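Here's a quick briefing to read with the model open beside you.

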Amino acid sequence: AAHLARRFAARPLALRAARTRVRLAEKDPAYENPLLALVGRLLPAGSGGSGRDKGEALSPALAAIDWDASKAPERDLRKNAARLEAALARAEWFVTGKIEPRFFSDAFVFKDPDVTLTGVQAYASGVSRLFDQRSARAEIARVRVRDADSAIEVAWRLSGGVTIGPLELDLKPYLVLTDLVVDQSGLVVYQEDTFSIPGWDILLSALFPALRPLLAPEAPPIAELRARLAAEP
């Protein structure tokens with residue numbers, strides 16, 4: 001729990017530093033992890049990890065989304081956090097891609113430790129292809145606001161499978177810390193994900209499950225995780 005507290009306490013400075021590195025005008029992902037960059041180049045079009053071209057077909061679940069829905073501004077940060085938390089509980093869009101475009105700016109940018117991409121539709125399509133829709137879960141552990149930089153912090157437990165080309169891998173459950181930064185009207189303009197364990201640990205534990213006892217422990221069940229985070233200041 002103390003480890004999580006230190007990570008949360010450091011988030012504002014980490015976020016401000018990361019913003020300067022985001023590429024804002026790219027159709028395809030900008031990879032920061034060299035291994036994922038190689039994988040992204042080798043995967044055929046339509047595989048997890050690539051950006052969505054306007055010519056690509058969306059999955060039936062995403063095709064049902066009204067991408068041109070009218071925007072729904074909300075300047076009150078706490079009310080905004082409450083409605084985003086409810087939407088995440090309904091759709092777990094961090095792994096399903098089933099977002100509600102009315103909550104997002106047209107200038108939306110996503111970033112995690114490995115990849116940066118632009119556009120909410122590209123983000124939704126990418127995560128829906130990457131995660132196994134039969135097993136992947138994004139269980140929300142805590143949501144809170146950060147007034148200093150108009151951000152909403154979401155701590156969530158990621159588990160289930162991913163699909164990378166022909167590979168179907170099972171992820172060790174781990175904690176993801178997401179910053180949702182909103183613009184002056186309250187629309188989400190930037191999302192940054194950071195992980196509680198290193199990327200190499202995530203990859204090794206997925207490719208070689210027998211190594212898991214030698215690596216970082218998996219995240220506890222969601223009820224225990226919620227209790228731990230609720231006890232933190």
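Leaving out neighbours within four places in sequence, Lys-71 is in contact with Pro-101, Arg-102, Phe-104, Asp-106 and Leu-187, where contact means heavy atoms within 4.5 Å. This is a predicted model, in which local features need pLDDT of at least 70 and side-chain atom pairs count only at pLDDT 80 or more, while totals for chains, interfaces and linings use all residues. Residues are numbered from 1 along each chain as its sequence is written, and side-chain values use heavy atoms, with hydrogens and water left out.

**Around Lys-71**

- Lys-71 sits in the loop between helix H4 (60-63) and helix H5 (77-91); helices (H or I, at least four residues) and strands (E, at least two) are DSSP runs, numbered from the N terminus.
- With a relative accessible area of 31%, Lys-71 is partly exposed; buried is under 20%, exposed is over 50%, and partly exposed is in between (1.4 Å probe, protein chains only).
- The Lys-71 side chain has a polar contact of 3.3 Å with the side chain of Asp-106, and it also reaches the backbone oxygen of Phe-104 at 2.7 Å.
- A polar contact here is a pair of N or O atoms within 3.5 Å; within protein, one must be able to donate a hydrogen and the other to accept it, and residues adjacent in sequence count only if both atoms are side-chain atoms.
- Lys-71 and Gly-186 are 115 residues apart along the chain, yet their C-alpha atoms are separated by 10.0 Å.

**Around Glu-100**

- Look for Glu-100 in the loop between helix H6 (93-96) and strand S2 (104-111).
- Glu-100 is buried, at a relative accessible area of 18%.
- Its side chain makes polar contacts with two arginine side chains: Arg-90 at 2.4 Å and Arg-102 at 2.8 Å.
- Not counting residues up to four places away in sequence, Glu-100 touches Ala-87 and Arg-90.

**Whole-protein picture**

- The protein has nine helices and seven strands, and 50% of its 233 residues are buried.
- Of the contacts with a separation of 6 or more, 68% are between residues 24 or more positions apart.
- The accessible surface is about 11400 Å², and 59% of that belongs to carbon and sulfur atoms; areas come from the Shrake-Rupley method with a 1.4 Å probe, and for residues only the protein chains shown count as cover.

**Nonpolar cores**

- The largest nonpolar core has 46 residues, and the members touching the most others are Trp-93, Phe-94, Tyr-123, Ile-152, Val-154 and Trp-156.
- Strand S6 (residues 167-182) gives the most to this core, with six residues.
- A second, separate core of seven residues includes Ala-141, Leu-175, Leu-225 and Leu-229.
- For the record, a nonpolar core is a set of buried Ala, Val, Leu, Ile, Met, Phe, Trp, Tyr and Cys residues joined through side-chain atoms within 4.5 Å.
- Beyond four places in sequence, the residues that Trp-156 touches include Phe-94, Ile-140, Tyr-174 and Asp-193.

- S4 and S5 pair antiparallel over nine bridges, and Ile-140 stands opposite Trp-156 in S5; two strands pair if DSSP finds at least two bridges between them.
- S4 and S5 form a hairpin with four residues between them, and Ser-150 in that turn has a positive phi of about 50°.
- Ser-150 counts as partly exposed, at 31% relative accessibility.
- S5 and S6 run antiparallel and are joined by 13 bridges, with Tyr-174 in S6 as the bridge partner of Leu-158.
- The S5–S6 hairpin has two residues between its strands, and Gly-165 in the turn has a positive phi of about 60°.
- S5 is mostly covered, with 12 of its 14 residues buried.

- Helix H7 (residues 120-130) is largely enclosed by the rest of the structure, because nine of its 11 residues are buried.
- The cover over the buried residues of H7 includes H4, H6, S2, strand S3 (115-118), strand S5 (151-164) and S7.
- In helix H8 (residues 199-207), the buried residues are Asp-201, Ile-202, Ser-205 and Ala-206.
- Those four cover an arc of only 125° around the axis, so they are on the same side of H8; the arc is that of the directions from the helix axis to the C-beta atoms.
- The buried residues of H8 pack against S6 and strand S7 (188-195).
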